[in-house]
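User: Can you walk me through this one? I have the sequence and the model open.

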Amino acid sequence: MLGASWVGRELPAGLAAVGLPLQQIFAPQLGDDSGPAEVWFGAGASRDSVAHGVHFRCDGHLLFGVISLAEDAGDEDATPLQVAARRAYVSLFRVLAEAGYPHLWRVWNYLDDINGAADGLERYRQFNIGRHQAFADANRLHGCTIPAASALGVAGGPLSIAFLAARAPCTPLENPRQLSAYRYPADYGPRSPTFSRAALARVAGQEWLFVSGTASIVGHLTVHPGDPTAQTREIVANLEALLAEASRVSAGPAYRLDELSGRAYVRHPEHLAAVQAELVRALGAEAPIVYVHADVCRADLLVELEAQACHLFARR
Ligand code: 3EB
């Protein structure tokens, strides 16, 4: 195992005792028909290391790491969250450089009170400033070096960032229905979010598709405010466009909605049934989707889905 993530406030003692890089997501799971853990398996034996505050394991191909930082060091120019976000990503990039896994594929970001306004700016926007600075410092603000990601608001806990990086590059994908997030206009904050819509990557005879958090956004605008059913349908339309893009870029067979697994983030628990009904209709009743009570990064977004799929291919 390379690492894992766990949804919920109570971490099972057995899981904590394994000692692997573990991201704890401080948010309740909704419903009870799926397991709250996501585990990333490596191709072989993995080494366990800590550097620059990052706990990570790597197996020769992939590196999975987790960093958690308290928001305790603001200064004149930056809020505590901005400082924490920048430091976390600076540390992450150092680990990638030193360990020799320079290619960042996928990032999971969780922060407390994401829509709260402190120091005059929404906290998600503060996070974006700090993240953007670290990407700029590392000269990683190019379309080909921007990872797939998600960023969600949870109920407490430190800023927590988990990531999957590799020795080999991935292919970031954009969604033809959506403006690239790194090109969002300043209406969404002084610095744009640093993520691609998806990433396609090959490792050890597998092709992985990582789908970033996908919301009810067309172009750069939120559509269907207040309507969880319509927002979920728009997410499905966005996924279909992204899967078509992935299928076009992949050398292998087409990607289908019914092969996705992932997490659905629902802002209001009372919307679970509506969201689940639409996702079951589109992805199938057997789709392994974990439903999580969390805040999406724009106050008018009610739901977000992140997902992945894996295709095997014959090694030549
Ligand atoms: C969006 O499309 C919705 O800031 O890393 C989705 C995925 C979203 C990742 C991030 C934000 C992020 O803008 C929000």
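User: How far apart are Glu 245 and Arg 248 in helix 4?
Analyst: They are 3 residues apart in helix 4 (residues 228-249), so about one helical turn separates them. Helices (H or I, at least four residues) and strands (E, at least two) are DSSP runs, numbered from the N terminus. This is a predicted model: local features need pLDDT of at least 70, side-chain atom pairs count only at pLDDT 80 or more, and totals for chains, interfaces and linings use all residues. Residues are numbered from 1 along each chain as its sequence is written, and side-chain values use heavy atoms, with hydrogens and water left out.

User: What do the side chains of Glu 245 and Arg 248 form?
Analyst: A salt bridge, at 2.7 Å from N to O. The term means a side-chain nitrogen of Lys or Arg within 4 Å of a carboxyl oxygen of Asp or Glu.

User: Is Glu 245 buried or exposed? And Arg 248, buried or exposed?
Analyst: Glu 245 is buried, at 18% relative accessible area, whereas Arg 248 is exposed, at 59%. Buried means under 20% relative accessible area, exposed over 50%, and partly exposed in between (1.4 Å probe, protein chains only).

User: How many salt bridges does the structure hold?
Analyst: It holds 14. One of them joins the side chains of Arg 106 and Glu 306, at 3.3 Å from N to O. Arg 106 is in strand 8 (residues 103-112) and Glu 306 is in strand 20 (residues 303-312), so this pair ties together parts that are 200 residues apart in sequence. Both Arg 106 and Glu 306 are buried.

User: What about Arg 256 and Asp 258?
Analyst: Their side chains also meet in a salt bridge, at 2.9 Å from N to O. Arg 256 is partly exposed at 48% relative accessible area, and Asp 258 is partly exposed at 46%.

User: Which residues do salt bridges with shared partners join into one network?
Analyst: Glu 38, Arg 106, Arg 263 and Glu 306.

User: New topic. Where does Glu 38 sit, and what stands opposite?
Analyst: Glu 38 is in strand 4, opposite Ser 5. Strand 1 (residues 3-7) pairs with strand 4 in the antiparallel sense over 4 bridges. Two strands pair if DSSP finds at least two bridges between them.

User: In what order do the strands of that sheet run?
Analyst: The order is 2-1-4, in an open sheet of 3 strands with mixed pairing.

User: Which strands stand at the edges?
Analyst: Strand 2 (22-25) and strand 4 (37-40) do; each has a single partner strand, so one side of each has no neighbour in the sheet.
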